[in-house]
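Biologist: I would like to go through a structure feature by feature. Please give the general idea each time, then the case at hand.

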Amino acid sequence: MATSAEHQPLQPLLTRWGREVDPDAPWPEYPRPQMVRDVWQNLNGRWEYAFGTAPDRPEQWDGEIVVPFSPEAPLSGVGRQLRPDEWLFQRRVFTAPRPPEGGRLLLHFGAVDQSCTVWVNDVEVGRHIGGYLPFTIDVTDAVTYDEDTLVVRVRDLSETGPHARGKQRLDRGTIWYTAQSGIWQTVWLEPVPTPYIRELTITPDLPGGRFDVVAHTSDGREHHRRVVPQHPHPWTPEDPHLHHFDLTVGDDTVHAYGALRSFGVGPDEDGRPRLLLNGAPYQHVGVLDQGYWPDGLLTPPSDAAMVHDIATMRSLGFTMLRKHVKVEPLRWYHHCDRLGILVWQDMVNGGGRYRRLVADLPARRPVRLSDRRHRLFHRDDADARAEFRDEVRRTVTLLRNTACIAVWVLFNEGWGQFDSEEIAAEVVGLDTGRQICQVSGWIDQGGGDLRAFHRYVRPWRMPRPDRRGRVIALSEYGGHSLRIEGHDWSDREFGYRRFRTPAELAESFTRLHADVVAPTVPRGLSATVYTQLSDVEDELNGLLTWDREVLKIPADTVRAALALLRPST
C-alpha cells in the first residue's frame, strides 16, 4: 500500500542530538551494559546500501548509509522507504580483532527490522527473523582478519505480514507511525575465548542480601554463583543503588551488575490490592513512552538523547515509564536502572490488520470476547502465533536481569491478541519476580496481576473491586494535544482533546488529575499511565514536543498534579 503524499513529513526535523551525530562513529558506547567485555569492535558508521527488486546481491550500490539508522530515518542520509516487495542490502568492509588461541569471533546485531540474511566474504553465516530483538552469529570460520566484507540483506513486510511491528505502518497517520527497516541498533564484533559466557541470569534475593547468578556458557553448561555484596543496599527509584561485580568462567570475564529489589502484589492498610516494591505499596505514576524520534525514528539519535527523556520524566514526578510496543537498545534499560525509574515493558504486537470489533469498538463500550477465537483477532495464522510466543520468551530472557522492569504487558487494545492466559503462564515460568498485565485496555480475559483500563473517549470511573483480587490500573489516559509551531512536521493534529494555548492545556491537565484521577487513588487505583511523553508525527499529545525542545506545561504544574497521585509522599 502506498504512503499518501499528504502524510509525508514536510521537511526533516533534527533534534539537538541529531545535529551532533558523527556519521563515522554514531553510537560509540558498549551496547550491553550488564555483560561487558573489555575487548570489542564497533561496526557502526558509513556503510554502502542498495535497494533491489530481487533477492540477489547487487552488482552496483546506491550510495552511503549511516548505520545504525534505518534508510527511512533522516540521520541515515538515505531518505527512502523499503517496500514489502523490495530487498535492502547493506555492506561494509572491516578488519576483525583476533580472538585468543582457540577462541571465537562473534558478530552481534542489536536489531534488524524485520528479517535478514548475513554474509561474510560471500559465505552465508546466518539468518534472523524479528525486528526488535538482538542476535549473534559466530563468524570465526568466515573471516580472514584482513579486509573482510559483511553484507546484510533485509526484507520488511511491515503491517502487510505477520511479524511483530509495533506502531509501524506504511500508510502512517494518527496513532500509527512511519515504518522503518534494516539495521537500527549497534553492530559489533567481540573476540572471546572458548568456552565463553553466552548469557547471564541474575536473580536478586533481597531478604538474603545477595544475587543468585547463572552463567550459561557456549558449551551448554550452567555455572551457578552466589554474589554477596559487602554492604547490601536495596534499590528504589528514589535511591537507585546498583551492585557491580565481575564473573569469570575459564578464561572469560565479564563485568555485570544487579539491583536488590523485589516486586509483588499485596494489600494496603485498608485491604485493597496494591503493587509492592520491596514489600511495601508503591504507586506507579507512569507516562506512555513510544520511543520514536523525528531524526532517527525507532533509533534514538544518541545515548544522551535517551538519558534526556528518562531524566526529564523523572524530574517531573513520574515514577514509571510504560515502554509502548517497542524493545529499546539495552543501554536504555541501563539508564532507567541507574537513574531510578520503573518500567512497564510491552511486548511488540504483530498479526494481521486490526479489526474494528476488537481494536476500535471497545474504546466506546465494553466488549466481551474470548481471545481464543483467533479469527476475530486476526490471529488465525498458526506460524505467526508461534513466532510471537517465541519472541515473548526471548524478550523476557533478554530483559529479566534489569532492575527497572516491574511489569510485563502482553497485549495492548486487542492488537494481535490471542491465548493471553496461556502466554501469561509461560512468562511466569520464565520470570516469577514481576507482575503481568495480561491485557492493557479493551478486552480483558480475567487473568494476570492487573486489571488495566484505557480511558480516552469514555470517562474514568473507579470500577468495583476485581473479583480475582487484581490490582486496578489506569494504563492509558489523557492524550491532550497542543501544537507548538516550529517543533513538529505534521500537517495534521491528532489528540483526544485539543487545546490552543499552553495555559488551557495546563489547566486541563491539573483538573484531570485533581478532579478525576486522584480521588480514585485512595479507593484502590494503584497505577496510572498518562499519554504521553512526547509528540510523535501526527500525535501532538505529548508533554514534550516532537523535537524534545519545549515542555508544553510548566514543570511545577506537572509535579503538583502528579503529587496528588502519591498522597503519602
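Modeller: Start with a polar contact, a pair of N or O atoms within 3.5 Å; within protein, one must be able to donate a hydrogen and the other to accept it, and residues adjacent in sequence count only if both atoms are side-chain atoms. In this predicted model, the side chains of His-487 and Asp-547 make a polar contact at 2.7 Å. The model is predicted, so local features need pLDDT of at least 70 and side-chain atom pairs count only at pLDDT 80 or more, while totals for chains, interfaces and linings use all residues. Residues are numbered from 1 along each chain as its sequence is written, and side-chain values use heavy atoms, with hydrogens and water left out.

Biologist: Where is the place of His-487?

Modeller: His-487 is in the loop between β30 (480-482) and β31 (497-499); helices (H or I, at least four residues) and strands (E, at least two) are DSSP runs, numbered from the N terminus. Contact means heavy atoms within 4.5 Å. Leaving aside neighbours within four places in sequence, His-487 is in contact with residues including Leu-13, Trp-546 and Val-550.

Biologist: How many disulfides does a search of the whole structure find?

Modeller: A disulfide is a covalent bond between the sulfur atoms of two cysteines. The cut-off is a pair of cysteine sulfur atoms within 2.5 Å, and the search finds zero. Cys-437 is in no disulfide, the nearest cysteine sulfur being that of Cys-404, 17 Å away. Cys-437 is buried, with a relative accessible area of 0%. Buried means under 20% relative accessible area, exposed over 50%, partly exposed in between (1.4 Å probe, protein chains only).

Biologist: How is empty space read?

Modeller: Rolling a probe the size of a water molecule over the atoms shows where empty space is left. On a 1 Å grid over the protein atoms alone, a cavity is a set of points where a 1.4 Å probe fits but cannot get out, and a pocket is an open set with protein on both sides within 12 Å along at least five of seven lines; lining residues have an atom within 4 Å of a point. Points are joined across faces, edges and corners, and a volume is the space filled by probe spheres set on them. The largest pocket holds about 1,000 Å³. Its lining has 43 residues, with Arg-32, Pro-134, Arg-198, Leu-330 and Leu-398 closest to the centre.

Biologist: What about the second largest pocket and the cavities?

Modeller: The second largest pocket has about 700 Å³ of space. There are six cavities of 30 Å³ or more, and the largest cavity is about 60 Å³.
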